[in-house]
Amino acid sequence: MMNATRILVIEDEPKIAQLIVDYLKLDGFEAEIVPEGTNAVGIIQETQPDFVILDLMLPGKDGLTICQEVRLFSEVPILMLTARVDEIDRLMGLNSGADDYVCKPFLPKEVVARVKTILRRVNRLKNHKPSAQTIEYAGIQLEPESFQCSVNGQGVELTPVEFRMLKELLSQPGRVFSREQLMQASYQDDRIVSDRTIDSHIKNLRKKIAMNDPQRERIHSIYGMGYKID
């Protein structure tokens, strides 16, 4: 298969690693095993694979650390493998940067299916051309026509009120919007809502944006005045 997708399987259990590789190759992928974590980041940087399957518990350097370090220089799709179901919630809470998680034990076909799903999503984002109405600032992209939002290329689900509020803030970065101005922009039926409601929406927006970029605070509170985005 020409131009086959190259996948790096970083897994220290030989039988599991080989099983994944065998099933990937049956589906036309190129796959290579890295049996420990010490040099994994350097190998990813050097070989630039199209996809990484990464075990959480590895000798030398754990998968969480590897994932976070890789995200400093690459957006390569990463599927994390973990032996504990409860670890998935912890990993998501830590915003590790992985695109998805699979819990052991798993069926090899499930891993291949997850890989295909993630690749389809990534390719849609790469091939998508923003419309003239697209608003982009500080890694945030809003598309009013299709009601879509992404942060650093990752989709973010917003409510209609959250979408309109973020759109208003992005219309003039650096400008301070009062709660009343945000209320008028966010609610289309002229309803009156409390300041606490506006604050709650802002809190939700911050949380959703931070899921894809926890290191940067974009929406700022200006005491006694309102909010701005930088």
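Helix α1, which covers residues 14-26 and so counts 13 residues, reaches 18 Å from its first C-alpha to its last, close to the 18 Å expected at 1.5 Å a residue, the expected span of a helix being 1.5 Å times one less than its number of residues. Helices here are DSSP runs of H or I with at least four residues and strands are runs of E with at least two, both numbered from the N terminus. The structure is a predicted model, in which local features need pLDDT of at least 70 and side-chain atom pairs count only at pLDDT 80 or more, whereas totals for chains, interfaces and linings use all residues. Residues are numbered from 1 along each chain as its sequence is written, and side-chain values use heavy atoms, with hydrogens and water left out.

In α1, the residues A17, I20, V21 and L24 are buried, where buried means under 20% relative accessible area, exposed over 50%, and partly exposed in between, with a 1.4 Å probe and protein chains only. An α-helix has 3.6 residues a turn, so residues three or four places apart point the same way. On the other side of α1, K15 and L26 are exposed, and just after the helix G28 takes a positive phi of about 95°.

**The parallel sheet**

An open sheet is formed by 5 strands in the order β2-β1-β3-β4-β5, with parallel pairing. At its edges stand β2 (30-34) and β5 (100-103), each with a single partner strand, so one side of each is left without a neighbour in the sheet. Neighbouring strands of this sheet are turned by 20° against each other on average, direction ignored. Two strands are said to pair if DSSP finds at least two bridges between them; β3 is joined to strand β4 (residues 78-82) by 4 bridges, and the two run parallel, with I78 in β4 as the bridge partner of V52.

Helix α1 lies across β1 (6-10), β2, β3 and β4 and runs at about 170° to β2, while helix α2 (residues 40-47) lies across β1, β2 and β3, at about 175° to β1. For these angles, axes are lines fitted to C-alpha atoms, for helices over the stretch in contact, and the values run from 0 to 180 degrees between N-to-C directions.

In strand β1 lies R6, which counts as partly exposed because its relative accessibility is 31%. The C-alpha atoms of R6 and F51 are separated by 6.5 Å, although these residues are 45 residues apart along the chain. Not counting residues up to four places away in sequence, R6 touches E30, T47, Q48, P49, D50 and F51, contact meaning heavy atoms within 4.5 Å.

Residue D55 is placed in strand β3 (residues 51-55) and counts as buried, at 3% relative accessibility. Leaving aside neighbours within four places in sequence, D55 is in contact with I10, E11, D12, G63, M80, L81 and K104. An unreviewed UniProt entry lists D55 for "modified residue: 4-aspartylphosphate"; UniProt positions are given in the numbering used here, feature names are shortened, and annotations may be inferred rather than shown by experiment.

**The antiparallel strands**

A further open sheet, of 4 strands, has the order β6-β7-β8-β9 with antiparallel pairing. Here β6 (135-137) and β9 (154-156) stand at the edges, each with a single partner strand, so one side of each is left without a neighbour in the sheet. The twist averages 20° from one strand to the next.

Helix α6 (residues 160-171) packs on this sheet, touching β6, β7 and β8, and its direction makes about 115° with that of β7. The 12 residues of α6 should span 16 Å at 1.5 Å a residue, which agrees with the 16 Å between its end C-alpha atoms. Buried residues in α6 include V161, F163, M165 and L166.

| Strand | Partner strand | Bridges |
|---|---|---|
| β7 (residues 140-143) | β8 (residues 148-151) | 4 bridges |
| β10 (residues 219-222) | β11 (residues 226-229) | 4 bridges |

E143 stands opposite Q148 in β8, and S221 stands opposite Y227 in β11. In the hairpin of β10 and β11, which has 3 residues between the strands, G224 takes a positive phi near 80°.

**The whole chain**

The secondary structure of the protein chain comes to 8 helices and 11 strands, and 40% of its 230 residues count as buried.
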